[in-house]
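Me: I am new to this structure. Please walk me through it in short questions and answers.

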Amino acid sequence: MKYFIVTYGCQMNVHESEKIAGILEKLGYQEADKRENADIIVFNTCAIREGAEDRVFGNVGNLKKLKKQKKDLIIVLCGCMTQKEATAQKMLRTFPFVDIVIGTFNLPKLGDYIEAVKKGRQLEIWQEGEIDELLPYKRTSGDNAWVNIMQGCNNFCTYCIVPYVRGREKSRKEANILKEIKEIVAEGKYKKITLLGQNVNSYGKDLNPPVSFAKLLKDICAVEGDFKLSFMTSHPKDLTDEVIDVIASEEKIEKFIHLPAQSGNNRILQKMNRKYTREKYLEIIEKIRAKIPKCHITSDFIVGFPGETEEEFEDTCSLVREVKFDSIFAFMYSPREGTVASKMEEQIPENIKNERVNKLLKLEKQIQKEEKYGK
Ligand code: 5AD
Ligand code: SF4
């Protein structure tokens, strides 16, 4: 019996697909080289922007032919998109050949749904779940080992669907993380370890007793062995001086920080509920550069947030000019149903969002060129 997994979205999902592979291999499945050869196909979906959802809809539609040829093929949809009850229902209706639709918290029970599918189509979406501490993984990212340290997000940035589909922040116990790290190092196959969480800087606040992210980093670096450590994603409001100091002082930690700014304008930052100002963001960048020379800094930006004026967009451009990031990701704002921003007035037309994203990316390219070859 063979499986094939299609993954959309961020590194968290890539790692989650490693868990799915781990579960399926434990059930006796082996990896198929292509979907045509699989007995079970899993779509691990993303809901962060409309484009991601559209891609899933299109590609699931394409499975109809395969299912016709192979009646016993099991098709599973899981991940952030199917955590939304209305979307999950719509997918079941639209795609009668899909067998299992589950939410993000239901993954540990995947084996049970596969077993039950003989009796009929399975749909189950839990609203919360315990953090899966000890699921098996099949690591698939070369010499990099992903390690999940927490799930969920408490920030409720007004544009973002993540808190709705991944629930509240829950940290893994430090002892379990350290155990996993030691096992990874002992395997000897991995040169890099990347810690994953939506907001890694608030790691451990929910543990009893609390553990700081800085302490976790230090304790991981104390594990004997030859490896480089990095992490994502950091939220500017929670990046402490202590964490900056640990990155500066620990040889094992990569001198790299992904620090999404989202906007360079204070009114928009406030409407986004980011809880920092442009000035505060620049202050953090200055601190990083003072303490960690040559630190690579990257960022995410959203253009065309509801109500964003041309001048406010220019503030984002000037921030990008000022900081000179090593690279940036720029996204057109995409309204997500159920979020606060999707109900805001003054939604920006697509053509203007498009113009702005192109302008920002062009600016970034120009800066990179100047940095490389001089003005
Ligand atoms: N529209 C556009 N971009 C978004 N992001 C998150 N939500 C949205 C949205 N609704 C971007 C943010 C985040 C990155 C992972 O995706 O920039 O940092
Ligand atoms: Fe979304 Fe904001 Fe949480 Fe990041 S910090 S996952 S952007 S709500």
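Predicted model: local features only at pLDDT ≥ 70, side-chain atom pairs only at ≥ 80, totals over all residues.

Me: In what order do the 6 strands of the open sheet stand?
Reply: Strands are DSSP runs of E with at least two residues, helices are runs of H or I with at least four, and both are numbered from the N terminus. Two strands pair if DSSP finds at least two bridges between them. The pairing in this sheet is parallel, and the order is β2-β1-β3-β4-β5-β6.

Me: Which strands stand at the edges of that sheet?
Reply: Each edge strand has a single partner strand, so one side of each is left without a neighbour in the sheet. The edge strands are β2 (30-31) and β6 (122-124).

Me: Which strands does helix α1 touch?
Reply: Helix α1 covers residues 11-26 and packs on the sheet, where contact means heavy atoms within 4.5 Å. Its direction makes about 170° with that of β1; axes are lines fitted to C-alpha atoms, for helices over the stretch in contact, and angles run from 0 to 180 degrees between N-to-C directions. The strands touched by α1 are β1, β2, β3 and β4.

Me: How many bridges join β3 to β4?
Reply: On one side, β3 pairs with β1 (residues 2-7) in the parallel sense over 5 bridges, and Thr-7 stands opposite Asn-44. Towards β4 (residues 74-79), Ile-41 stands opposite Ile-75 and Thr-45 opposite Gly-79. β3 and β4 run parallel, and the number of bridges joining them is 6.

Me: How many residues of β3 are buried?
Reply: Buried means under 20% relative accessible area, exposed over 50% and partly exposed in between, with a 1.4 Å probe and protein chains only. In a regular strand the side chains alternate between the two faces of the sheet. Ile-40, Val-42 and Asn-44 point one way from β3, while Ile-41, Phe-43 and Thr-45 point the other way. The strand (residues 40-45) is largely enclosed by the rest of the structure, because the buried residues number 6 of the 6.

Me: Which side chain makes a polar contact with that of Asn-106?
Reply: Asn-106 lies in the loop between β5 (100-102) and α5 (110-116), and is buried with a relative accessible area of 0%. Not counting residues up to four places away in sequence, Asn-106 touches Tyr-113, Glu-124, Ile-125 and Trp-126. A polar contact is a pair of N or O atoms within 3.5 Å; within protein, one must be able to donate a hydrogen and the other to accept it, and residues adjacent in sequence count only if both atoms are side-chain atoms. Here the distance is 3.0 Å, and the partner is Tyr-113.

Me: At roughly what angle do the axes of α8 and α9 cross?
Reply: Phe-213, Ala-214, Leu-217 and Lys-218 in α8 meet Glu-242, Val-243 and Val-246 in α9. The two helices are roughly parallel; that class takes angles under 35 degrees, with over 145 roughly antiparallel, 65 to 115 roughly perpendicular and the rest oblique. The axes of α8 (residues 213-221) and α9 (residues 241-249) come within 8 Å and cross at roughly 20°.

Definitions and conventions:
Residues numbered from 1 in each chain as written. Chains lettered and ligands numbered in written order. Heavy atoms only, no water.
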